[in-house]
Amino acid sequence: MQDSQLVTVGRKEVDRILIMKLVVGLGGVTNGGKTTLAEKLEKLLPNCSIISQDDFFKPESEVETDERGFKQYDVLDALYIEEMVKSIHAWKENSTRSSFSTGDSKATHDNLRSAEEIHILIVEGFLLYNYEPLNELWNRRYFITLPYEECKRRRSTRVYHPADPPGYFDGHVWPMYLKHKSEFEEKTSNIVYLDGTESQEELLSHMYNDIIQELEIQKSEQVTAQRFGSSDSVRY
């Protein structure tokens, strides 16, 4: 969109629209509070949607079983991971204009009037950073950690279908968590670690403020690009 093109937003004419799309990864240990945190962020952030990795588990009949009889749920092969990637791409392509906030000339650093179109997708799950096609999509990465004892305690209070068999946490869940965490840490950077023993309010405040800051960075970059006539002013 050229800077000189006028667009009507509500009853206001604006010279341009700043489009900001943010894909946020919220990974972490089992029972770390990922889903709860994502749902709270969805209520606070503008035009925010959620994709849950748990929705992409294969049926129990398609999940492999090891020699101890443990279903191998905590591995990539237990997921329709490519379908998850497609869902994120579909969101990026299909998220539509639904609300705007208008800024004054000081906010945009020049005399042009502007409107902001903001779309945020939070993808939450236990295995987000070990699959390269997913790693290409994140604008921000977060990872919730828990100490072994606290994680095991929380896991014991949850009801799963199918239920965890005796020894499943120590024999599969925790070893896979450590394995995958070690693997992505070797090749993935810019991950913000969150302490899952902190209150949901503290975690929420940290993530919310960080995401707002990232939106401001995108806005600043787009304003600068548009001032100098760059055609590559929309970041996805």
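Is arginine 153 buried, partly exposed or exposed, and what is its relative accessible area? In this predicted model, arginine 153 is partly exposed, and its relative accessible area is 47%. The residue also takes part in a salt bridge, in which its side chain meets that of glutamate 150 at 2.7 Å, N to O. Both residues belong to helix H5, which spans residues 148-156. Because they stand three residues apart in this helix, about one helical turn separates them. Glutamate 150 counts as partly exposed, since its relative accessibility is 22% and the buried class is limited to values under 20%. The pair is also part of a network of salt bridges that links Glu150, Arg153 and Arg154.

A further salt bridge joins lysine 152 to aspartate 170, with 2.8 Å between the closest N and O atoms. Lysine 152 has a relative accessible area of 32% and is partly exposed. Aspartate 170 is likewise classed as partly exposed, at 38% relative accessibility.

Salt bridges in the structure number nine. One of them is formed by the side chains of arginine 68 and aspartate 66, with an N to O distance of 2.7 Å. The two partners fall into separate accessibility classes: arginine 68 is partly exposed at 46% relative accessibility, whereas aspartate 66 is buried at 14%. The value for aspartate 66 is 14%, and the class of buried residues covers those under 20%.

Negative charge also gathers on the surface, in a patch made up of Asp195, Glu198, Glu201 and Glu202. Within this group, glutamate 198 is placed in the loop that runs between strand S8 (191-195) and helix H7 (200-227). The relative accessibility of glutamate 198 is 36%, and the residue therefore counts as partly exposed. A residue of such a patch must have over 30% relative accessible area and no salt bridge.

Histidine 119 provides a case of a polar side chain contact. The residue is located in strand S6, which covers residues 114-125. With 3% relative accessibility, histidine 119 is counted as buried. Its side chain is in polar contact with the side chain of glutamate 117, at a distance of 2.9 Å.

Glutamate 42, in helix H1 (residues 34-44), is partly exposed at 35% relative accessibility. Between glutamate 42 and isoleucine 122 there are 80 residues of separation in sequence, while their C-alpha atoms are 8.0 Å apart in space. The second pair involves asparagine 135, a residue of helix H4 (residues 132-135). Asparagine 135 is buried, because its relative accessibility is 9% and buried means under 20%. Glycine 25 is 110 residues away from asparagine 135 in sequence, with a C-alpha to C-alpha distance of 9.1 Å.

Technical notes: Residues numbered from 1 in each chain as written. Predicted model: local features only at pLDDT ≥ 70, side-chain atom pairs only at ≥ 80, totals over all residues. Heavy atoms only, no water. Salt bridge = Lys/Arg side-chain N within 4 Å of Asp/Glu carboxyl O. Buried < 20%, exposed > 50% of the residue type's maximum accessible area, 1.4 Å probe, protein only. Helix = DSSP H or I, 4+ residues; strand = E, 2+ residues; numbered from the N terminus. Patch = residues over 30% accessible without salt bridge, like charges linked within 9 Å, V, L, I, M, F, W, Y side chains within 5 Å. Areas by Shrake-Rupley, 256 points an atom, 1.4 Å probe, with all protein chains shown as cover. Lys, Arg positive; Asp, Glu negative; His and termini not counted. Charge placed at Lys NZ, Arg CZ, Asp CG, Glu CD. Polar contact = N/O pair within 3.5 Å; in protein donor to acceptor, adjacent residues only side chain to side chain.
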